[in-house]
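The sequence and the model come next.

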Amino acid sequence: MDFSILSIYLEKLKKISSRLEITAILAELFKKTGPEELDKVCYLSLGRLAPFYAGIEINMAERMVIRALALAYSAKEETVTASYQKLGDLGEVVRKLSSKFKVQSSKLSVTEVYSQLYTIATTTGKGSQDKKLNLLAGLLKKSNPTAAKYIIRIILNKLRLGFSDKTLMEALSWMETGNKSLKVSIERAYSVHPDIGLIAKKLKNGGVRALKEVVLTVGVPVIPQLCQRVPTAEDIMEKMDSVVSEPKFDGTRVQLHLDRNQKSNIKDQNLEMDLGDDFKKPNFFVKTFTRNLEENTWMFPDLLEAADKQLKAESVILDGEAVGFNPKTGQILPFQETVQRKRKHGVAEKAAEIPLRLYNFDLLYLNGEDLTRLPLAERRLKLLEIIIPFGGKEGG
């Protein structure tokens, strides 16, 4: 698919506020998109290049984009800046500049645009800014006005079309069946592997049966299930029949992924957060994620070491709450102190001052097996079997 076609759809979507109309237009777009590009169309329509948890950001500031526009259209930076101050939207600025440049047709495919944007996002090191500028300028020179406008809005994270992954899930159901009958199946797949691009591609290639191939994967965060509020304990018992009660820890939610058969994902550049001389880099794969699916592995070196020593398993996905404690008394600390562990600098010092305990309340995956369809009681028994408590005995 030509990126110019996608940009026309994005322009149309920008003018619509009705959720039903947006869903219908997206379903139409998805039908026209080939299976090899549907994942990229999904990401780009959300103003992204990858699923949220991957943390891939373009990170080009407005000042740099203005320089790229000046380079692409042989204009002065002052002129581009003045136009931006007048219009208030660099997308509109580039549309006007591109019109004067007389690029009225674009043969750039979605894949080509996506590939260039991905390269811009992942280019780092010495001279990276100049490389990004030249890549973007070259891309704009080949783009017609509407395509250029949406390239810039995607780069600046200002697409703002009023829909999310959830809307795309509904549109995928309409694409496949002409109704929303697949919504539950798509949402189930998304909950265990929140990558809308991957799910769209599988559905396009293999239909609803392919959704069964979307499974829990170590390194891909699972979406936390939201609880339903009821007024009394009696209502809980009536609704659930069999329940488990436990104390609520006021810490920070941590989803821990570990696989001893995969190589370590921790590279030297990840150690720039000053994890300390005593930190021993794990020789296996381990990641932690927040409730919002953001990776925060490098903030918790003590949890990584504890996972190595206290987990009797080859691969796991654990859901728990990290809570700070006083290293002298063992007393649990209030949230205001635990939250100080969320940092990028002085990590080792703060870890020594406020060490963490991870209280695990669920086991989602164990040694290659998805446990999410098992009853909680069975998952908890398996959880007790694999944890060696600090200073305690196995199974405690």
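## Asp 308 and Arg 260

Asp 308 is partly exposed, at a relative accessible area of 38%; here buried means under 20% relative accessible area, exposed over 50%, and partly exposed in between, with a 1.4 Å probe and protein chains only. Arg 260 is likewise partly exposed, at 22%. A salt bridge joins Asp 308 to Arg 260, with 3.0 Å between the closest N and O atoms; the term requires a side-chain nitrogen of Lys or Arg within 4 Å of a carboxyl oxygen of Asp or Glu. This pair links distant parts of the chain, 48 residues apart: Asp 308 belongs to helix H14 (residues 301-310), and Arg 260 to the loop between E1 and strand E2 (285-289). Helices (H or I, at least four residues) and strands (E, at least two) are DSSP runs numbered from the N terminus.

The model is predicted: local features need pLDDT of at least 70 and side-chain atom pairs count only at pLDDT 80 or more, while totals for chains, interfaces and linings use all residues. Residues are numbered from 1 along each chain as its sequence is written, and side-chain values use heavy atoms, leaving out hydrogens and water.

## Other salt bridges

Arg 380 and Glu 246 form a salt bridge through their side chains, at 3.2 Å from N to O. Arg 380 lies in helix H17 (residues 376-386) and Glu 246 in the loop between helix H13 (233-240) and strand E1 (252-259), so the pair ties together parts 134 residues apart in sequence. Arg 380 is partly exposed, with a relative accessible area of 25%, and Glu 246 is partly exposed, with 44%.

A further salt bridge is made by the side chains of Glu 170 and Lys 183, also at 3.2 Å (N to O). Glu 170 is in helix H10 (residues 165-177) and Lys 183 in helix H11 (residues 183-192), 13 residues apart. Glu 170 counts as buried, at 14% relative accessibility. In total, the structure holds 23 salt bridges.

## The chain as a whole

The chain has 17 helices and five strands. Its C-alpha trace spans about 75 × 50 × 40 Å along the principal axes. Of the 396 residues in the chain, 47% are buried.

Contacts (heavy atoms within 4.5 Å) were also counted by separation. Among those in the chain with a separation of 6 or more, 71% are between residues 24 or more positions apart.
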